[in-house]
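Me: I am new to this structure. Can you walk me through how to read it?

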Amino acid sequence: MSQVLTIVANPRSNSFTRRLLQSFLSAYSRRNPADVITELDVYQCDIPVIDDAVIKAWDKPLQERSPADLAVLSRIDRFTDQFIAADKIVIASPMWNLHFPPQLLAYLATVMVAGKTFVYTEQGCQGLLHDKPVMLLHVRGGVFSEGPLQAMDFATPHLRSLCGMIGLTDFRSVICEGIEQAPDQAEKLLQQAMRQAEQMAETF
Ligand SMILES: Cc1cc2nc3c(=O)[nH]c(=O)nc-3n(C[C@H](O)[C@H](O)[C@H](O)COP(=O)(O)O)c2cc1C
C-alpha cells in the first residue's frame, strides 16, 4: 500500500488543472484501490515563508535552538516530513507568469531543506530521497513544447532540477498546453491530456 501525496496549486475550483488531476487520480485509484491519496491544496493551507526567523533558527546548532526557534521550524517541518513520508508525489499546477503560482514555489521551499532532503558535500549537492516517482500535471495557456516560446518554459525544468537535487530522478509529466492560444480547441486539448494522464496513471 503506497501513500500518494497530491499537491494542488490552483485557487480556481473548477479548473482545467483540477479536471486533469481528477482523471489521473480516478485511473490511479482504480488500478491501486488500497493506496492512500492525501491532497494538499497549497491555497487552502498556511504555507510558511522562509523568513529571517527561519533562517536564523536553521543557522543555529541543534542544541542551541530555543523553544521559539523550534516553534518556527516546526511549521516548516510539518510539510517537509509529510513530503518525505510519501511514496509517490503528484503535483497539479497551471503555468503562471512563465512559472508556477507563488504558493507552489513557497511550498517547494519547505521541501528543499538541507540536512533533511539533501546535503552539501565536497562533491556538491547530494539528494537524500530515493525511489519516489514525481508526476507533474501542468496546464498552460501558450505552447512551449515547440516554437518561439520554447526557451521560456522555466517551470518544468526548474521543478525537474529541484527534484533531482533531492534525489528524485523519476520525474514524469502530462502537459496540456495552448488552451488560451486556441480557446476553441481548449476542451479538445484537455480531453487529450486527460487520456494521456489516465494512461500514465496505469504505470505510476
Ligand atoms: C495569473 C495568471 C498568469 C498566467 N500566466 C501564464 C503564462 O505565463 N503563460 C501561459 O502560457 N499561460 C499563463 N496563464 C494561463 C494559464 O496557464 C491557463 O489559463 C491555466 O493553466 C488554465 O488552467 P486552470 O483552468 O487550471 O486555471 C496564466 C493565467 C493566470 C491566471
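Me: Let us start with the secondary structure of the chain. How many helices and strands are there?

Reply: This is a predicted model. The chain has 6 helices and 7 strands. Read from the N terminus, their order is β-α-β-α-α-β-α-β-β-β-α-β-α.

Me: What share of the contacts joins residues 24 or more positions apart?

Reply: Take the contacts with a separation of 6 or more. Of these, 79% link residues 24 or more positions apart. Buried residues make up 32% of the chain.

Me: Now a helix. Which residues of α5 are buried?

Reply: Start with the general idea. An α-helix has 3.6 residues a turn, so residues three or four places apart point the same way. Now the case here. Helix α5 spans residues 155-165, and Ala155, Leu159 and Cys163 are buried in it. Their arc around the axis is only 65 degrees, which puts them on the same side of α5.

Me: Which residues are exposed on the other side of α5?

Reply: Pro157 and Ser161.

Me: What do the buried residues of α5 pack against?

Reply: They pack against β6 and β7, the latter being residues 171-177. Just after α5 comes Gly167, with a positive phi of about 100 degrees.

Me: Which residues touch the most other members of the largest nonpolar core?

Reply: That core has 47 residues. Leu20, Phe24, Val90, Ala92, Leu137 and Ala197 touch the most other members. Helix α1 gives the most to this core, with 6 residues.

Me: Take Leu137. Which residues is Leu137 in contact with?

Reply: Set aside its neighbours within four places in sequence. Leu137 then contacts Thr17, Leu20, Leu21, Phe24, Val90, Ala92, Val174 and Ala197.

Me: Last, the ligand. How many residues surround the ligand, and which are the closest?

Reply: There are 16 residues around the ligand. The closest are Ser15, Thr17, Pro94, Gly141 and Gly142. Two elements, α1 (16-31) and β6 (134-140), each give two or more residues to this shell.

Me: What is the make-up of the shell by class?

Reply: The shell around the ligand has 7 nonpolar, 6 polar and 3 charged residues.

Note on methods
Residues are numbered from 1 along each chain as its sequence is written. This is a predicted model: local features need pLDDT of at least 70, side-chain atom pairs count only at pLDDT 80 or more; totals for chains, interfaces and linings use all residues. Helices (H or I, at least four residues) and strands (E, at least two) are DSSP runs, numbered from the N terminus. A residue is buried if 20 or more other C-beta atoms lie within 10 Å of its own, exposed if 12 or fewer, and partly exposed in between; C-beta atoms are placed from the backbone. Two residues are in contact if their C-beta atoms, placed from the backbone, lie within 7 Å. A residue is near a molecule or strand if its C-beta atom, placed from the backbone, lies within 6 Å of it. Ala, Val, Leu, Ile, Met, Phe, Trp, Tyr, Cys and Pro count as nonpolar, Asp, Glu, Lys and Arg as charged, and the others, Gly among them, as polar. The arc is that of the directions from the helix axis to the C-beta atoms. A nonpolar core is a set of buried Ala, Val, Leu, Ile, Met, Phe, Trp, Tyr and Cys residues joined through C-beta atoms within 7 Å.
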